[in-house]
Amino acid sequence: MSFNQEFDQHGVWRRQFALRLRLLSEWLTDHDLMEPGIRERLDQLHEQVRNDKIMVAFVAEFSRGKSELINAVFFAGYGRRIMPASAGRTTMCPTELGYDADIPPCLRLLPIETRLHAKSLLDWRNAPEKWERIDLDVNDPHQLAQAIQKVAEVRKVTQAEAAALGFWNDELPDDNPLPSPDGMIEVPKWRHALINMAHPLLKQGLVILDTPGLNAIGAEPELTVSLLPQAHAVVFILAADTGVTKSDLGIWRQHLSVLGEGTESRLVVLNKIDTMWDALSSPEQVQLQIASQRTDAADILGLSPRQVLAVSAQKGLLAKVNRDKKLLKASKLMELETALGVDLLGQRRAILRAAVASGIQSLRLETSRLVHTRARDLVEQVQELEGLRGKNDGVIKQMRLRIEQEQAEFDASGAKIQAVRSVHLRLLKDLFALLGHTHLKIEVAALTKALKQPGVKLGVRRAYGKTFESLREGLIQTERLAGEIQAMLEGSFKGLNAEYGFSLQAPPQPKLARFYRDLELIEKSHVQYLSLGNALRLAQPEFAERLARALMSRLRVVFETAVNEVELWNKSAAAQLDAQLRERRRNFGRRIEAVSRIQQAAGGLNERIRELQALQAELHLADAKLAELTEHLLSAKEDEVAEATAA
């Protein structure tokens, strides 16, 4: 199955899930079960699936056919090239293709001069007025291709300007571009490009990252320390006839071999196998040569041979446009699409569905607890009213006074419950301080200073080590404090359950282990710049400044995500307590109302008992329906999705 078909199925599953989630939401609202804590869980699940993005990064040295491969895999349906893919340098700036329904189809371009300002790419994303915008007509392939051609634009600057922008270094002559006869230097016109278009795959959450070649990557550290490490898959393109060249190996070692723990999310493509189709060699001999190149590339890069594929992007694109099945098979393009679909989407889908399943279980538990609280209150009310059968007015009046006294005592106990909240909030304040932006800036200050010092950064590796060790220690303190809060919640909830008959249960403590992994990945992607080969580049104040900004941007995202998880944990605990307090107050009101009706009408007792028994039956049905609806959320099996896709 091709990548496009696999992605279609993933999109169908997401749409089915969103529909079923909406049905559950409407049912909860109709049955008066939409408490704030439950709504929070629903919103989180909806956002988790709606905003799930899968980023595939394409990386290569210049002239490896990278943009042509993107055209062949994703845009052949337009019947022509969309990404610029002519001879020579095409993609001069990192280009992201994605879809945002809130923005009209457009190409946004960030001027290269923004490198001179003390802002990260993440900061520039939040300043849309600084980007040049060109509207796109996604129904006009010619206009679309012509507009996107702008990512290849260049401009000429002096050597001094090129140095300030990061494209010239007197100490690294081999990396410098060739000056024109008038001494001017050609540099990219744009620093970053964002393409927003309603391509079917992009609408379903795919993000394509098209990166420029080696020199441009080296000049923009934020690309390698932020964007590439966050990609869910990296496709590294080589030339089939040359295999792994010295410059290819440099890109791999500097920018790709340091991404994450394993290499499962990386595919290597030996492109342009059509250059090896030799009329003087038999097809078998050609296939043996290609197989040998695949094996050699896998050995050099330390990958499994199945992760190295050989294709012809140009012939694959031509075959798709002309509907030539024989040429498409010869191009081997579908083998790459299958690998992308099975490996990339399979892993990503498993991760997303595991997270969604965990969220649904939490939602089900929280809603069931509310249903059971109401059911228990109804049982107590029925028992209470059954005890009034045959009793005189004096006994009934006495019961009303007792209920009112219980209500007054419960209302007076608010100080005790407030004390639980106060302790909880005080501990949370300390925890949020450990994860907050101010604390993060303090932790990174010494490293930022070391990076910005003039000249060769002799102690910067040690500064990185100390900073990340301190950040990890901060996470350990956060986990310790979260454990204290968890123990306090469990003890407090146990006491409230015993005293007031609540059914409170402390939500699971937030898991921070993945943030340790995030820190490790960030550290690893940064330390790559501390090699001897980059010592002179690091000596450039502008480069070091961009590296420091990129580090802070990436760390901020990690710590903000951790804060969000802690906030959800806090809201879940608070919402649970609020819900049971509200239910108890409602219960007092219902009990007093029932006794009042009995006092006013002789037949009121039996009528009220029947009403309560009917409510009990409704709650029993509601509990069964809740189980059915939540199970339904998880039941979008692969065969159902495949049937829906085929239909």
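Colleague: Is Arg374 buried or exposed?
Modeller: Good place to start, and keep in mind that we are looking at a predicted model. Arg374 has a relative accessibility of 12%. The cut-off for that label is under 20% relative accessible area. Arg374 therefore counts as buried.

Colleague: In which helix is Arg374, and which residues is Arg374 in contact with, leaving aside its neighbours within four places in sequence?
Modeller: Look for Arg374 in helix H14, which covers residues 333–386. Once the neighbours within four places in sequence are left aside, the contacts of Arg374 are His31, Asp32, Leu33, Glu35, Glu583, Arg586 and Leu619.

Colleague: Let's move to Gln505. Is Gln505 buried, partly exposed or exposed?
Modeller: You can find Gln505 in the loop between helix H18 (460–500) and helix H19 (513–527). Its relative accessible area is 44%.

Colleague: With which side chain does the side chain of Gln505 make a polar contact?
Modeller: Leaving aside neighbours within four places in sequence, Gln505 is in contact with Arg369, Phe493 and Gln576. For the polar contact, the pair of N or O atoms has to be within 3.5 Å. At 3.4 Å, the partner of the Gln505 side chain is the side chain of Arg369.

Colleague: How are helices H3 and H12 oriented, roughly parallel or roughly antiparallel?
Modeller: Helix H3 is residues 66–74 and helix H12 is residues 313–322, and their axes come within 8 Å. The axes cross at roughly 30 degrees. Angles under 35 degrees share one label, so H3 is roughly parallel to H12.

Colleague: Is the crossing of H3 and H12 left-handed or right-handed, and how do the residues of the contact divide?
Modeller: The crossing of H3 and H12 is left-handed. From H3, Glu68, Leu69, Asn71, Ala72 and Val73 meet Ala313, Gln314, Leu317 and Lys320 of H12. The residues of this contact divide into five nonpolar, two polar and two charged.

Colleague: What about H2 and H21: at what angle do their axes cross?
Modeller: Helix H2 takes in residues 36–50, while helix H21 takes in residues 541–600. Their axes come within 7 Å and cross at roughly 145 degrees.

Colleague: How many residues of the contact of H2 with H21 are charged?
Modeller: On the H2 side we have Pro36, Gly37, Glu40, Arg41 and Gln44, which meet Leu568, Lys571, Ser572, Ala575 and Arg582 in H21. Three residues of this contact are nonpolar and three are polar. The charged residues number four.

Technical notes
Residues numbered from 1 in each chain as written. Predicted model: local features only at pLDDT ≥ 70, side-chain atom pairs only at ≥ 80, totals over all residues. Heavy atoms only, no water. Axes fitted to C-alpha atoms, helices over the stretch in contact; angles between N-to-C directions. Helix = DSSP H or I, 4+ residues; strand = E, 2+ residues; numbered from the N terminus. Parallel < 35°, antiparallel > 145°, perpendicular 65-115°, else oblique. Left-handed = near helix turned anticlockwise from the far one by under 90°. Contact = heavy atoms within 4.5 Å. Nonpolar A, V, L, I, M, F, W, Y, C, P; charged D, E, K, R; others polar. Buried < 20%, exposed > 50% of the residue type's maximum accessible area, 1.4 Å probe, protein only. Polar contact = N/O pair within 3.5 Å; in protein donor to acceptor, adjacent residues only side chain to side chain.
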